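User: I am new to this structure and would like to learn how to read its features. Please guide me through them.
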Amino acid sequence: MSHLAKDGYEMPWVKIRSTANQVPLAICFRYQPFTHPVLYCDERLLEEGRNIAMRNNSILISAEDFSSHDVNLTHVEEYLHQWNHVTVVYVYRRLYTWLQSYHNQISRYIKIDSFRANNTDNVRMNITDFIDQELSRNMTQYITGYYESIKRYKAHGGIDKLVILNMEDKTTDITQQFFCHAMPHAENTCNKAKRSVDKKRSRNDNRSMPLVYYDLAYGAHRLGMINITSQKQLDSAVQLIENHQRVTLNRSSDVEFPFVVCPDRPVLDKLLEISLGMEEWMVPEFFSSPFGESKLRADFEQQAKLANLCSVDISATVRSNEWVNFLSSLNKNIHNSTRF
């Protein structure tokens, strides 16, 4: 944050923390009032933005809501007119990998309550059903809306520059792309980003526990192979299940399972077609490069065989020879341990 300040940037939510994200500012620009039990337009953020402009400092605003059709760009332009130069930044990610991330995001809070209730076949919707649901329900509308929002910003007179950052371009770190290329006059922050990337490459960053291990724990619990009654038991079981997969079974990946259920080929073909079209439209030069279309197709087909786009067959997995004895031992360990 100090490096941004050195570059003359401020963020209104630093002083006014209405929520953990920036949506309460973005939704102030919707055509219609936004009704939500928690999220609302926070006028204090708008006022603090005006104060930043009066101090002749730049402002950094980041929220997905700005790409919504419900945003009134005229109101956005009127507000941003306080600054001499406005840059709009979009981030591109391949659709099929974004869907995986989105699936995890909306189902990442798995707690002991689900295990105690024990009243659903799965602890969350699996990725196969999720992809099918999204493609059949609103994916075309979402993609069209995304294209249209970019066109609107490009055509709008109040926007000086529009940049599309490409997360699929592995030659440059996405953080460096943003602070060093997309963001104007951010030399100090750019240098900090470069140093951070170098440090990140030299260490193993903390990562969240892949949700598939919660799926396996719940499946075994549901089948009566293990009995989990506390959050500590759940956390311990998930750690040990991951260790069994990655160490005992020597599978370095969280997506390599012998029993998977994959989407039907027509579903995969549709997802591939939309993903190809989106990349060609958003980053055409990259798409036509050796890292574009051919890499996308190869990566997609690889993921279509693993637990990226396929769902782990939980019942078959926990009942297989390589898991049955382990789960029996696991159940004894989590109940005999005095830690719980």
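Predicted model: local features only at pLDDT ≥ 70, side-chain atom pairs only at ≥ 80, totals over all residues.

Analyst: Residues are numbered from 1 along each chain as its sequence is written, and side-chain values use heavy atoms, with hydrogens and water left out.

User: How many residues does the largest nonpolar core have?

Analyst: In soluble globular proteins, nonpolar side chains tend to be buried together. A nonpolar core is a set of buried Ala, Val, Leu, Ile, Met, Phe, Trp, Tyr and Cys residues joined through side-chain atoms within 4.5 Å; buried means under 20% relative accessible area, exposed over 50%, and partly exposed in between, with a 1.4 Å probe and protein chains only. Here the largest core has 59 residues, and Phe 29, Leu 95, Tyr 153, Leu 271, Met 278 and Leu 309 have the most contacts inside it. Helix α13 (residues 265-282) provides the largest share, eight residues; helices are DSSP runs of H or I with at least four residues, numbered from the N terminus. A second, separate core of 30 residues includes Ile 112, Leu 216, Ile 241 and Leu 330.

User: Which residues does Phe 29 touch?

Analyst: Contact means heavy atoms within 4.5 Å. Leaving out residues up to four places away in sequence, Phe 29 touches Leu 46, Phe 66, Asp 70, Val 71, Asn 72, His 75, Val 76 and Tyr 79.

User: Is Asn 51 buried, exposed or partly exposed?

Analyst: Asn 51, in helix α3 (residues 43-54), has a relative accessible area of 24% and is therefore partly exposed.

Methods. Helix = DSSP H or I, 4+ residues; strand = E, 2+ residues; numbered from the N terminus.
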